Amino acid sequence: MKSKMLRGITAVAVLGLSVPALADEEANLVLNEEIEMTVRAPAPDHMENVDMIYSGWVYRTDETQVMQMDDFDNPGMIGVESASVVWANVDGSEGKSCASCHDDAETSMKGVRAVYPKWNEAAGEVRTLEMQINDCRTTRMGAEEWKWSSDDMMNMTALISSVSRGMPMNVAIDGPARETWEKGKEIYYTRFGQLELACANCHEDNYGNMIRADHLSQGQTNGFPVYRLKTTSLNSTHKRFRGCIRDTRAETFPEGSPEFIALDLYVASRGNGLSVEGPSVRN
Amino acid sequence: MAADAKPRVKVPKTATAGEVITIKTLISHEMESGQRKDSDGNPIPRSIINRFTCDFNGQNVIDVTLEPAISTNPYFEFEATVPEAGEFKFTWYDDDGSVYEDAKSIEIA
Amino acid sequence: MKLTRRDALALGLGATAASFLPHRAMAAADEAIAEFTGGATPGEGGLTLTAPEIAENGNTVPISIDAPGAESVAIFATGNPTPKVATFNFGPLAGSQSATTRMRLAGTQDVVAVAKMADGSFVQVSSLVKVTIGGCGG
């Protein structure tokens with residue numbers, strides 16, 4: 001029986017101390033024995049303080065890494081399969097399904113996840129995948145909006161992500177998106193909450209270190225939506241942002257807020273070059 | 001639970017006669033353990049998949065009894081001998097009486 | 001030996017704490033294991049239990065068992081509220097007496113696997129799995 005060799009490395013978990021990696025940070029991710037994923041890359045030019053960027057995958061234990069290597073190991077794929085059914089179902093007053101306009105998701109949605117969030121000229125705003133999906137539903141299908149982190153929405157973003165796996169993230173940060181991007185960058189470096197922590201304090205200053213017993217990543221979003229072992233369910237970026245800010249003991253911004261949309265764009269741009277991995281498996 | 005449970009099964013399409021193959025099965029299911037309490041403090045009753053079987057052309061490969069300690073979205077990986085061409089039948093039994101099934105054919109190369 | 005009141009209290013509390021939780025949990029696990037073996041005491045050897053040293057998250061812990069020639073293998077979580085986890089019964093077309101699954105662990109504890117061999121004997125093996133509290137947000 002094929003099984004990945006488990007490395008038993010005990011780590012001393014003390015906040016702030018650098019310790020030997022629990023995970024194999026040198027490992028490579030090959031999906032379904034065919035798609036080679038880029039889990040480490042030179043940092044994009046706009047990042048001043050980081051030389052190399054790493055996917056959250058490299059920071060997880062061997063066992064967790066294995067769960068993402070085969071679509072039949074990955075519980076996030078259950079959501080993808082559910083969404084495939086929904087994709088073909090008619091919904092709303094116009095009698096359409098996603099398939100009515102977009103045909104087969106594997107073809108029509110290829111490359112989409114890699115460039116979101118992005119500027120929408122007609123709407124005059126930066127849009128995340130969730131916003132675009134809801135726009136299609138309400139405007140073109142006459143169907144109801146899905147809530148940001150509802151199962152329906154997260155399953156659908158998982159489906160749309162899954163067909164772009166292996167492609168490098170490539171969100172635009174210039175032109176009309178620039179202002180939103182700058183706002184996101186400002187939020188990333190702002191300290192929040194009673195604990196006065198900014199995203200950067202953990203994910204730029206301390207990636208690779210332990211925070212209690214957790215192995216800190218760079219907080220990249222190329223793997224979203226993420227199947228978390230902790231919740232045994234998919235999670236959206238905004239749901240995770242809320243969790244992080246709540247953990248600094250602050251009142252967090254709501255999902256879908258302009259602040260989180262801006263942060264979503266900025267954080268996505270920090271991962272430009274890493275492969276789309278969603279739905280990924282994390283702790 | 002019944003409506004939502006979706007099986008995902010990985011079986012190779014072909015095998016040589018007598019070959020040992022690896023099978024992976026995953027099914028979506030909350031596996032409510034019976035340990036959790038709702039917001040009023042009342043225990044949420046147990047509701048799990050309690051048994052999983054895999055048969056090939058009528059013969060048993062594996063028969064698993066599941067307890068609440070099996071994680072949400074139960075996963076099993078195991079090996080089967082393929083003596084001839086035929087069909088694998090997978091069955092999951094729910095506490096509430098529902099039965100979920102999947103089947104995969106395999107040919108001899 | 002004369003014990004001060006303080007000594008006696010400390011001794012008493014210490015002993016109680018040490019015997020209380022783990023003892024209860026072990027008793028329940030022992031009972032469940034005895035139920036599986038019909039009271040027989042398991043031996044060693046011929047059974048491999050693969051479990052992580054440190055679980056990424058207690059909710060979803062991958063484990064594997066391998067017992068060539070076994071009829072069935074049962075898994076127990078000695079520190080869980082209820083110790084039984086799963087029992088694998090191998091049929092005539094099993095390609096090997098091995099299986100992998102994912103389990104829930106309530107906290108750091110010994111995971112125990114017991115195999116019933118073809119000749120009716122039992123063997124047992126255990127593995128300590130550490131379950132940690134995560135970082136921000138657990």
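Visitor: What covers the buried residues of H5(A)?

Guide: The cover includes H3 (98-102), E5 (118-120), E6 (125-127), H6 (151-162) and H10 (258-269) of chain A. Cover here goes by contact, meaning heavy atoms within 4.5 Å. Helices (H or I, at least four residues) and strands (E, at least two) are DSSP runs, numbered from the N terminus. This is a predicted model: local features need pLDDT of at least 70, side-chain atom pairs count only at pLDDT 80 or more, and totals for chains, interfaces and linings use all residues. Residues are numbered from 1 along each chain as its sequence is written, chains are lettered from A and ligands numbered from 1 in the order in which they are written, and side-chain values use heavy atoms, with hydrogens and water left out.

Visitor: Which residues of H5(A) are called buried?

Guide: In H5(A), residues 129-141, the buried ones include Leu129(A), Met131(A), Ile133(A) and Met141(A). Buried means under 20% relative accessible area (1.4 Å probe, protein chains only), so each of these falls under that cut-off. Just after H5(A), Gly142(A) takes a positive phi of about 65°.

Visitor: Why is the pair Glu81(A) and Arg8(B) called a salt bridge?

Guide: A salt bridge needs a side-chain nitrogen of Lys or Arg within 4 Å of a carboxyl oxygen of Asp or Glu. The N to O distance of this pair is 2.5 Å, so the pair qualifies. Across the interface of chain A and chain B the rule finds 4 salt bridges. H2(A), residues 76-88, gives the most to the side of chain A that touches chain B, with 4 residues.

Visitor: How many salt bridges does the rule find between chain C and chain B?

Guide: It finds 0. Polar contacts are there instead: 18 residue pairs, both at pLDDT 80 or more. Such a contact is a pair of N or O atoms within 3.5 Å; within protein, one must be able to donate a hydrogen and the other to accept it, and residues adjacent in sequence count only if both atoms are side-chain atoms. E6(C), residues 94-103, gives the most to the side of chain C that touches chain B, with 9 residues.

Visitor: What makes E5(B) and E5(C) a pair?

Guide: Two strands pair if DSSP finds at least two bridges between them. E5(B), residues 59-66, and E5(C) have 5, in the antiparallel sense, so they pair. Asp63(B) stands opposite Asn89(C) in E5(C).

Technical notes. Buried < 20%, exposed > 50% of the residue type's maximum accessible area, 1.4 Å probe, protein only.
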